[in-house]
Amino acid sequence: MATERWSSRPGFLLATVGAAVGLGNIWRFPAVLGTNGGGAYLVPYLLAVGCCAVPLLVLELAVGRRLRTDVVSAFRGVGPGYGVLGWAVAGGVLLVLSYYLVLTGWVFGFLGAWATGGSTTFAAFTAGWLPVGCFVAVTVLVAAVVSLGVRDGIERLARVVMPTVFLLLAGIAAYNLTLPGRDAALAFLFTPDLSVLGDPGLWSAAFGQVFFSLSVGQGIMLTYGSYLDDGTPLVRSSLVIAAADVAAALLAGLVIFPVVFTAGLTPTLGTELAFTTLPEAFGAMPFGRVVAVGFFGLLLLAALTSAVSLLEVVVAAAANATRLDRRRATAGATALVFVLGLPSALSYSPVRLAVAGRPVLDLVDESAGTYALPLSALCLVAAFVWAGGAGAVRAELGRLDPLVRYAIPAVLVAATGAKLLGVARPAWRLLVD
Ligand code: PFF
């Protein structure tokens with residue numbers, strides 16, 4: 001039973017926006033948009049936010065608040081056998097956290113390089129052991145915040161960090177929009193080539209990105225909902241969280257693309273965008289160092305509040321299951337994160353740990369960070385809507401109930417199918433040609 005509570009409504013909103021806004025908005029969104037045809041991607045993306053993420057947010061917050069417990073106990077209460085699903089969801093979160101902290105470590109390393117008067121390239125950075133050291137450093141920092149508790153750790157961090165993140169995003173976007181690459185950037189972001197909407201891969205990329213970016217379907221919002229007071233309106237809060245998350249992603253686009261186009265670089269480099277393309281572009285622009293420090297600084301802050309939310313899911317579940325206090329549960333969960341994250345960290349170090357020629361981190365991102373997300377959301381819907389695991393949660397959902405009950409599962413299955421189609425199509429062509 002969760003006894004801790006957020007201190008106030010703004011405190012709750014800042015913590016949940018802190019959970020949602022992270023590397024997904026600033027590092028992943030522009031990269032996914034860049035590789036998926038630019039502005040056209042916004043159509044499925046916004047549809048996914050409205051029809052899928054917002055109702056799921058309401059569901060998770062409602063279940064958390066009603067049951068006032070962690071994700072594993074919540075599943076366990078549904079009936080025999082459901083506890084396993086709960087552990088699978090929590091295990092998925094642990095895996096996401098394990099490589100998320102490696103990426104956060106890279107951001108920390110890049111910030112350090114630019115802030116101390118130097119700069120670094122991705123190849124130079126990953127040629128040494130610094131990425132592993134940075135992974136350890138940020139993991140310890142995140143664990144320290146979580147061990148301080150809901151109000152004194154998680155909420156206090158978000159209160160300071162989230163306004164800073166938005167101010168920096170808006171400030172740097174305003175400056176970058178004075179650069180010569182502005183018009184090309186705006187055209188790339190906001191002139192959709194609608195012909196690409198027929199590609200199923202585009203749709204599944206957008207839906208996957210929305211689960212990642214809004215932190216829905218994985219018990220994160222359920223855990224944060226268990227600390228929420230009874231009077232807070234759930235639909236309105238969920239709309240605020242979603243709007244803030246979309247705003248952060250669009251602002252990140254306005255920060256990144258003018259720089260990329262000004263430097264004459266290509267915006268479609270996927271995940272290398274933030275760590276390869278951007279540093280090169282920062283080096284070539286006026287006040288590039290100031291912008292680089294601001295950019296990596298805000299990216300680090302946003303990533304930390306998100307990593308804290310992921311660790312909290314596991315700590316709350318572990319504390320409840322083992323009856324350990326918060327500090328001990330945090331220490332145990334953090335040790336597990338180290339062990340699980342080390343292969344990902346080593347895959348971008350001199351060891352270059354790889355499976356079938358692919359870096360471990362990329363494989364974990366693709367499995368736990370992409371395919372598992374809609375599956376995990378399906379588990380939540382199955383337990384708490386179909387099996388009625390949260391009792392009267394239906395009343396909280398109101399008119400959203402049919403959407404959560406039928407439409408979202410249908411969309412989740414379709415999006416996963418589209419992803420499979422996206423993989424199968426080139427393979428089929430290869431066979432036929
Ligand atoms: N929503 C956060 C982000 O966009 O970075 C954190 C996050 C939560 C990432 C859940 C991935 C994930 F599966």
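A crossing of two helices is called left-handed if the near helix is turned anticlockwise from the far one by less than a right angle, and right-handed if clockwise. Hello everyone, keep that in mind, and let's look at a pair of helices that it describes. What we have on screen is a predicted model.

The pair is α12, residues 234-262, and α13, residues 272-284. Which hand does their crossing have? By that rule, α12 passes α13 in a left-handed crossing. The two axes come within 9 Å, and they cross at roughly 55°. At that angle α12 is oblique to α13.

Now for a second pair, α14 and α15. Helix α15 covers residues 326-347, and its axis lies 9 Å from that of α14, at an angle of about 120°. These two helices are therefore oblique to each other. And the hand? Here α14 passes α15 in a right-handed crossing. On the α14 side you'll see Leu311, Val314, Val315, Ala318, Ala319 and Thr322. They meet Arg326, Ala329, Thr330, Gly332 and Ala333 of α15. Seven residues of this contact are nonpolar, three are polar and one is charged.

Which helices each supply at least two residues of the shell around the ligand? They are α2 (23-35), α5 (82-115), α10 (200-214), α14 (288-322) and α16 (360-386). Of these, α2 gives the most, with three residues.

How many residues surround the ligand altogether? The count is 15, and the closest are Gly22, Leu23, Gly24, Ser215 and Ser306. For those of you who think in side chains, the shell has seven nonpolar residues, eight polar ones and no charged ones.

The chain averages a pLDDT of 91, and 95% of the residues score at least 70. For the complex, the predictor gives an ipTM of 0.99 and a pTM of 0.94.

So, to recap the helices: α12 and α13 cross with a left hand, while α14 and α15 cross with a right hand.

Methods:
Residues are numbered from 1 along each chain as its sequence is written. This is a predicted model: local features need pLDDT of at least 70, side-chain atom pairs count only at pLDDT 80 or more; totals for chains, interfaces and linings use all residues. A residue is near a molecule or strand if its C-beta atom, placed from the backbone, lies within 6 Å of it. Helices (H or I, at least four residues) and strands (E, at least two) are DSSP runs, numbered from the N terminus. Ala, Val, Leu, Ile, Met, Phe, Trp, Tyr, Cys and Pro count as nonpolar, Asp, Glu, Lys and Arg as charged, and the others, Gly among them, as polar. pLDDT is the predictor's confidence in each residue, from 0 to 100. Axes are lines fitted to C-alpha atoms, for helices over the stretch in contact, and angles run from 0 to 180 degrees between N-to-C directions. Angles under 35 degrees count as roughly parallel, over 145 as roughly antiparallel, 65 to 115 as roughly perpendicular and the rest as oblique. Two residues are in contact if their C-beta atoms, placed from the backbone, lie within 7 Å.
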